[in-house]
Amino acid sequence: MPALYFYVPTEKLEDVVDCGLKLSEWKTRHQATSWNRIERPCFVAWLNPNDDIRHRDERYQCVKLDVPTDYCAVADSDLYYLSLEHGELRQEYINTMVPLNDYIFGTFRLPECLVFATVLPDQIRCLGKGMDEPILYENSEVLYVNNILETYNDRYDDFNQALLYSFLTMQEQSGLVSCKRSSNRKLAVFYDRENNRRVTVKIPDFGEYLLKGSE
């Protein structure tokens with residue numbers, strides 16, 4: 001089953017390892033799912049330990065949870081927080097939910113896993129540096145962005161060059177690089193003064209991207 005990660009205050013680590021995570025104590029919200037419309041208590045765990053903003057906070061310790069997947073749902077965390085400001089997104093957030101076993105990694109920029117059950121002590125262990133199986137990707141955001149870039153690279157020719165040109169043009173507008181362009185050759189040469197580097201890139205035909213995007 002997919003592993004989950006959860007951060008507990010360092011001073012509570014021993015109690016959590018010995019007694020588990022009681023849902024009545026650790027719940028953070030009541031939530032319905034796309035397949036169960038009844039709101040139930042739950043807490044949020046993560047699919048990658050680096051997804052939680054507390055992963056660099058020495059006041060917290062990461063524990064690894066082996067929770068039966070029947071008690072877990074994965075949803076789009078970004079949509080949840082947006083729905084707190086825009087109530088019309090509430091149902092859309094619920095509709096994103098899938099059972100943990102059905103989640104495809106890289107689908108959401110910041111996937112959250114809602115745990116609807118108490119986690120027993122034998123389902124918890126500390127995540128030790130160098131003492132656990134390796135994490136296969138840096139964090140969910142990197143995986144998500146890379147998946148999107150791969151999709152657009154398959155769809156559009158020279159997509160990476162268009163991205164590079166757009167980024168360097170933004171740098172040029174900010175005065176960080178200078179540029180010389182040849183309309184005949186459809187080439188641009190950017191001069192990165194800080195790194196003393198010259199970058200040559202094709203000038204993309206953005207009209208082709210718009211036409212292909214409308215197909």
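**Rings, a sheet and a helix**

Mentor: Start with Tyr103, which counts as buried at 8% relative accessibility. Keep in mind that this is a predicted model.

Trainee: And Phe108, buried or exposed?

Mentor: Phe108 counts as buried, at 9% relative accessibility.

Trainee: How many aromatic pairs does the structure hold?

Mentor: The structure holds 11 aromatic pairs. One of them joins Tyr103 and Phe108: the ring centres are 5.5 Å apart and the planes are at 35 degrees, so the pair is tilted.

Trainee: Why tilted?

Mentor: Planes under 30 degrees apart count as stacked and those over 60 as edge-to-face, so the rest are tilted. The angle for Tyr103 and Phe108 is 35 degrees.

Trainee: What about Tyr80 and Tyr81, how are those rings set?

Mentor: That pair is edge-to-face, because the planes of Tyr80 and Tyr81 are at 80 degrees, with the centres 5.1 Å apart. Tyr80 is buried, with a relative accessible area of 11%.

Trainee: Which charged end sits over the ring of Tyr80?

Mentor: That of Arg29, 3.6 Å from the ring centre. Elsewhere, Arg54 lies over the face of Tyr60, and there the distance to the ring centre is 4.9 Å.

Trainee: Which residues form an aromatic cluster?

Mentor: Phe6, Trp26 and Phe43 form one.

Trainee: Changing topic. What is the strand order in the open sheet?

Mentor: The order is S9-S10-S11, 3 strands with antiparallel pairing. Strand S9 (177-182) and strand S11 (197-202) are the edges, each pairing on one side only. From one strand to the next, the twist averages 20 degrees.

Trainee: Over how many bridges do S10 and S11 pair?

Mentor: Strand S10, residues 187-192, pairs with S11 over 6 bridges, in the antiparallel sense.

Trainee: Where is the bridge partner of Phe190?

Mentor: In S11: the partner is Val199.

Trainee: Last topic, helix H5. What should its 16 residues span?

Mentor: Helix H5 covers residues 140-155, and at 1.5 Å a residue it should span 22 Å. Its end C-alpha atoms are 23 Å apart, which agrees.

Trainee: What does the side chain of Asn139 reach at the start of H5?

Mentor: The backbone nitrogen of Glu141: a side-chain oxygen of Asn139 comes to within 3.1 Å of that atom.

Definitions and conventions
Residues numbered from 1 in each chain as written. Predicted model: local features only at pLDDT ≥ 70, side-chain atom pairs only at ≥ 80, totals over all residues. Heavy atoms only, no water. Pairing = 2+ DSSP bridges. Helix = DSSP H or I, 4+ residues; strand = E, 2+ residues; numbered from the N terminus. Axes fitted to C-alpha atoms, helices over the stretch in contact; angles between N-to-C directions. Phe/Tyr/Trp six-rings, centres within 6.5 Å; stacked < 30°, edge-to-face > 60°. Buried < 20%, exposed > 50% of the residue type's maximum accessible area, 1.4 Å probe, protein only. Lys NZ or Arg CZ within 6 Å of the ring centre and 35° of its normal. Expected span 1.5 Å × (residues − 1). Polar contact = N/O pair within 3.5 Å; in protein donor to acceptor, adjacent residues only side chain to side chain.
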